[in-house]
Amino acid sequence: MSNHPRHLIDVDDLDDSAIETLLERACELASGAAPAHVAASVVNLFAEPSTRTRVSFELAARRLGMDVVNVDSAGSSAVKGESLADTLATVSAMGVDVVVMRQSGNGRMRELLDVPGSRPSLVNAGEGSVSHPSQALLDAATLKARGIEFSGLRVAIVGDVAHSRVAASGLRLWPRLGVSDIRVAGPTDLLPPEAPAGVEVCRDLDRAVADADVVMMLRVQRERIDQDQWPDPGDYFARWGLTRDHLEKAAPGCVVMHPGPINRGVEIDADVADGPQSLILDQVRMGVFMRMAIFEWVLGLPRSRRDAT
Ligand code: NCD
């Protein structure tokens, strides 16, 4: 293993070849390649609720034979006033190799890379509204595993784009993969004040979905919005909820994605969520394989060694 830990704070930390390695490796693992055996330990430090991300990081670690310890902040020394930097130094002193971290604040994770003497690789499992690289990567791997080419792909991202860390990381990843037609849509106050260059802002769902190959629906992040600003679920569904009727305007073979958790009847109709175009559970499945690939990558496992196992 490399002497210098690799970290995954956002997709910007990855060069093109690392992105390709991660996507390929996740697809290989998903199609039955033998995982590496990794003699390393991981602490999952989650300061926000999580089902699929947390379970998949844990399962991924176990499938690689890693020692895994889960800590949620309600049960950690954070409630006794310990800073994140001191928590990291503490687990580092115990020889932990990887810390998987979910945080509600924006921008603190990168600061932790400067903690003196800290050794573990840091892996971002969701940071505030700014980044969620493992989700963006697993979304891309889900498409790749189905043989969907990124170049020329039309992707619509619909819902609370402003507060979605999944959309934020995705908007940085999709163009790197060659996706050139990206649209975002949602209520004006749930769209970012400025769309990234090259991203089209659509004012209604039909326009966003028209001819799209991929429609990615997002949950309204109520935990990041003042309660008096929460949209009424019925009104929201009427305007922004994805139904089969909308999908008829999409490209033939269009697939529907959602990072979960889904709110049926709010941002997505149950018929669509459970329908033949939905990749929602494929995304969940790929989540385990992508997180295995991420552990291998941060630990600097060379391909030859992986292949030898
Ligand atoms: C997302 C998250 O936590 O950012 N979920 C996930 O990790 N799969 C999306 C969300 O909470 O809406």
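Which helices each supply at least two residues of the shell around the ligand? They are α2 and α6 (165-177), where a helix is a DSSP run (H or I) of at least four residues, numbered from the N terminus. The model is predicted, so local features need pLDDT of at least 70 and side-chain atom pairs pLDDT 80 or more, while totals for chains, interfaces and linings use all residues. Residues are numbered from 1 along each chain as its sequence is written, and side-chain values use heavy atoms, without hydrogens and water.

**Ligand shell**
- Residues with a heavy atom within 4 Å of the ligand include Arg52, Thr53, Arg165 and Val166.
- By class, the shell has three nonpolar, five polar and four charged residues; Asp, Glu, Lys and Arg count as charged, and Gly is among the polar ones.

**Polar contacts (N or O pairs within 3.5 Å)**
- The side chain of His132 has an N or O atom 2.7 Å from an oxygen atom of the ligand.
- For the side chain of Arg165, a ligand oxygen atom also lies 2.7 Å from an N or O atom.
- In Gln221, the side-chain N or O atom is 2.7 Å from an oxygen atom of the ligand.
- The ligand alone exposes 310 Å², of which the protein buries 94%, by the Shrake-Rupley method with a 1.4 Å probe.

**Largest cavity**
- A cavity is a set of points on a 1 Å grid over the protein atoms alone where a 1.4 Å probe fits but cannot get out; lining residues have an atom within 4 Å of a point.
- The largest cavity holds about 50 Å³ of space, counted as the space filled by probe spheres set on the points.
- α11 gives the largest share of its lining, four residues.

Note on methods
On a 1 Å grid over the protein atoms alone, a cavity is a set of points where a 1.4 Å probe fits but cannot get out, and a pocket is an open set with protein on both sides within 12 Å along at least five of seven lines; lining residues have an atom within 4 Å of a point. A polar contact is a pair of N or O atoms within 3.5 Å; within protein, one must be able to donate a hydrogen and the other to accept it, and residues adjacent in sequence count only if both atoms are side-chain atoms.
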